[in-house]
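Me: Hi! I'm new to this one, could you walk me through it?

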Amino acid sequence: SKLTISFTRNLQLCLLNATDCCTTPLCVVETLQVLACRDSVMLARLLVQAELYANSSFTGNVSENATIIPNQVFQPLGSCPCDLTAGACDIRCCCDLECTPDLKQLFNESCFTGVFGGDVNPPFDQLCSSQSMEYIPDWFPFLCVQSSLNNTPFLGYFYHGSISTPKGPSFKIPLQTSPGKLFTGYSQGDPIMTEENEYFTIPQQSMAGQCVVHAPVAHLQDFDVRCLTSLASYEEGLPHDVRINSGTGDFIQQNVVYRNITDTGKFITESESLPTAEVLCHNVTFAEHYTFIWKDKNIEQVNVTVFLGSLCDGEILTQRFTVQFLSLESTNTTELSGNPGYQVGKPVRAANLNASDTSGSLNIWQPAGRGLCTSATHTPVIFGLDSLSGCTLEVGIDEDCSLLRGNVTERLNSLIQATHIGKRDNSSHSDPSDWVEIIRLDPFNSDTNVGTGSFKGICADIPANLNIRIIFAEVGAVQGIPQQEILAVQISYSTVIWQFQCGLTCENTSFLPITAAVQFIKVPAQQPIPMTRSQINYWTEFDCNRNDVCWPQLFYPVTRFYTGEPYSQCLAKGLSLAFLVLLAAIMSNPWFSKFWNGCLV
């Protein structure tokens with residue numbers, strides 16, 4: 001609401017005892033009372049007093065003295081916290097010394113209470129003379145506090161607190177202030193930096209399975225990801241003219257090659273039927289392949305191949321982004337890390353040592369489209385990454401069970417085109433000791449009677465699950481990077497019972513899912529030394545999971561893990577308790593009684 005007041009008389013002096021120093025009156029004092037009523041009953045009232053001054057310039061003295069703020073921990077910040085306006089009376093602040101008695105009468109019944117209203121040292125509940133608590137226990141007179149109000153727990157009520165320096169975001173490294181080289185080289189896992197001292201990013205998949213456009217690239221960690229996008233949600237990544245820090249402060253330019261894709265069938269996975277005249281198309285990136293050439297701790301060269309194509313509105317694009325790190329000393333496309341052991345993220349090396357062509361592969365499925373085995377591709381097994389993949393096989397209702405078992409076994413064996421697995425990433429084909437033979441368990445034991453199936457649409461003992469177990473150990477470190485070595489590889493099968501099932505419409509074709517699982521099992525590099533009987537008893541006695549009361553729990557109050565009191569007080573109390581226990585043990589001894597009686601005599 002808006003209130004307008006008009007005056008018909010001249011201004012007069014506000015203070016009655018003020019001297020008439022001027023030829024014209026200085027100000028006028030007006031008082032307004034506002035009442036809130038309901039059914040002729042007054043519920044609240046408000047008195048407003050205004051001093052209206054004439055326009056004039058200030059000619060008084062200005063104090064140059066700085067206000068000294070007391071330490072809030074030992075002394076209240078002010079005796080009147082509600083006094084917020086200097087040189088004027090604050091409404092409802094009865095402790096304001098600038099409020100005259102006449103002004104206080106306007107709000108004397110509505111003053112601020114508590115600490116804000118000037119009661120900066122109120123009696124607290126623990127004070128013996130305080131009767132503020134509704135219920136006073138019987139033991140209160142024995143535990144109450146006799147203290148002056150100057151030593152009140154309300155000290156520091158308006159404590160400002162310490163100011164901490166804000167930390168910068170973790171995804172950006174602060175710029176170097178002094179000239180010189182920024183890095184001394186990359187290590188495995190370090191993020192690759194750009195000339196602007198920011199992360200070099202390529203779209204990658206997150207833990208939730210979604211694609212992150214600006215994801216940092218880690219040194220010596222290959223990846224091959226696919227991201228689904230549409231024309232509406234398409235987003236460009238980092239420009240290819242960004243220069244990359246080589247690791248020593250020098251910057252290298254990317255070598256980019258652009259190619260056009262005419263056959264988009266492998267990338268367009270879904271298309272909505274839209275009229276041709278209304279379709280909007282743009283030239284976008286279908287795939288990007290990055291190859292980092294490195295030597296020692298530095299990046300020597302970056303080669304990029306970009307595949308471009310036309311994406312129209314209503315189509316779903318499967319983008320592909322690959323990153324591969326190749327050593328400058330490599331003479332072929334097979335990447336060797338240069339270190340004796342495996343590194344997490346590198347493909348597991350496989351070979352056919354029993355054949356003239358020793359090249360081999362250890363793969364899992366990478367389904368595409370409808371997820372059928374006929375259209376699924378292969379991807380290599382990555383060291384240190386447990387994975388599970390699969391595809392679906394179309395099976396007819398009249399399928400012969402023996403042929404079905406052979407077909408499934410053949411498809412599973414196509415993933416493992418090798419007889420040996422390399423112990424290390426730099427295993428040599430000419431040295432058989434660098435390889436371990438794959439242990440294959442027959443899907444059908446000789447004791448198992450595999451029937452041909454007497455019921456139509458039901459087949460038992462179908463080896464639908466392939467289990468690959470890789471046992472490895474940590475055998476050392478090179479430049480601080482742990483080196484892993486594969487000790488054994490086992491391949492086994494799990495059988496299921498396939499039964500024909502009808503979908504929404506019962507047809508003569510059903511689906512059989514087949515899977516391939518990879519599990520990495522880490523074992524100690526050497527057999528641990530067995531514990532002696534005394535060590536077993538010692539650890540069992542101190543094991544709190546096997547005992548109701550154990551020594552760590554008994555002495556917990558005197559350890560540094562206990563934070564209920566300062567450590568010095570806990571230690572002093574613990575020593576005092578130990579002294580009392582020792583004194584009680586001495587006094588309970590018979591010779592102490594004789595000694596004490598002798599002293600009394």
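Me: What does the accessible surface come to?
Reply: The accessible surface of the chain is about 40,300 Å², and 54% of that belongs to carbon and sulfur atoms. Accessible areas come from the Shrake-Rupley method with a 1.4 Å probe, and for residues only the protein chains shown count as cover.

Me: And where does the model come from?
Reply: This is a predicted model, in which local features need pLDDT of at least 70, side-chain atom pairs count only at pLDDT 80 or more, and totals for chains, interfaces and linings use all residues. Residues are numbered from 1 along each chain as its sequence is written, and side-chain values use heavy atoms, leaving out hydrogens and water.

Me: What's the mean pLDDT of the chain?
Reply: The mean is 76, with 71% of the residues reaching 70 or more. pLDDT is the predictor's confidence in each residue, from 0 to 100. Over residues 168-182 the pLDDT is below 50, and this stretch has 16 contacts in the model beyond near neighbours in sequence (contact means heavy atoms within 4.5 Å). Where pLDDT is low, the predicted coordinates should not be read in detail.

Me: Got it. How many helices and strands are there?
Reply: The chain has 7 helices and 22 strands. These are DSSP runs numbered from the N terminus: helices are H or I with at least four residues, strands are E with at least two.

Me: How much of the chain is buried?
Reply: Buried residues are 29% of the 601 in the chain. Buried means under 20% relative accessible area, exposed over 50%, and partly exposed in between (1.4 Å probe, protein chains only).

Me: Which residues touch the most other members in the largest nonpolar core?
Reply: Among its 41 residues, those are Val348, Leu362, Leu404, Ile421, Leu466, Ile468 and Ile486. S20 gives the most to this core, with 7 residues. A nonpolar core is a set of buried Ala, Val, Leu, Ile, Met, Phe, Trp, Tyr and Cys residues joined through side-chain atoms within 4.5 Å.

Me: What is Ile468 in contact with?
Reply: Leaving aside neighbours within four places in sequence, the contacts of Ile468 include Leu362, Ile416, Val489 and Ala517.

Me: Switching topic: what's the strand order in the open sheet of 3 strands?
Reply: The order is S15-S14-S17, with antiparallel pairing. Strands S15 (377-380) and S17 (416-417) stand at the edges with a single partner strand each, so one side of each has no neighbour in the sheet. S14 (residues 361-366) pairs with S15 over 4 bridges, and Ile364 stands opposite Thr379 in S15. Two strands pair if DSSP finds at least two bridges between them.

Me: How many salt bridges are there?
Reply: The count comes to 7. A salt bridge is a side-chain nitrogen of Lys or Arg within 4 Å of a carboxyl oxygen of Asp or Glu. One of them joins Lys346 and Asp222 (3.9 Å, N to O). Lys346 lies in the loop between strands S12 (315-327) and S13 (350-351), and Asp222 in the loop between S4 (211-212) and S5 (223-230), so the pair ties together parts 124 residues apart in sequence.

Me: Is Lys346 buried or exposed?
Reply: Lys346 counts as buried, at 2% relative accessibility.

Me: What about Lys522, which residue does it form a salt bridge with?
Reply: Lys522 forms one with Glu474, the closest N and O atoms being 3.3 Å apart. Lys522 is exposed, with a relative accessible area of 51%, while Glu474 is partly exposed at 37%.
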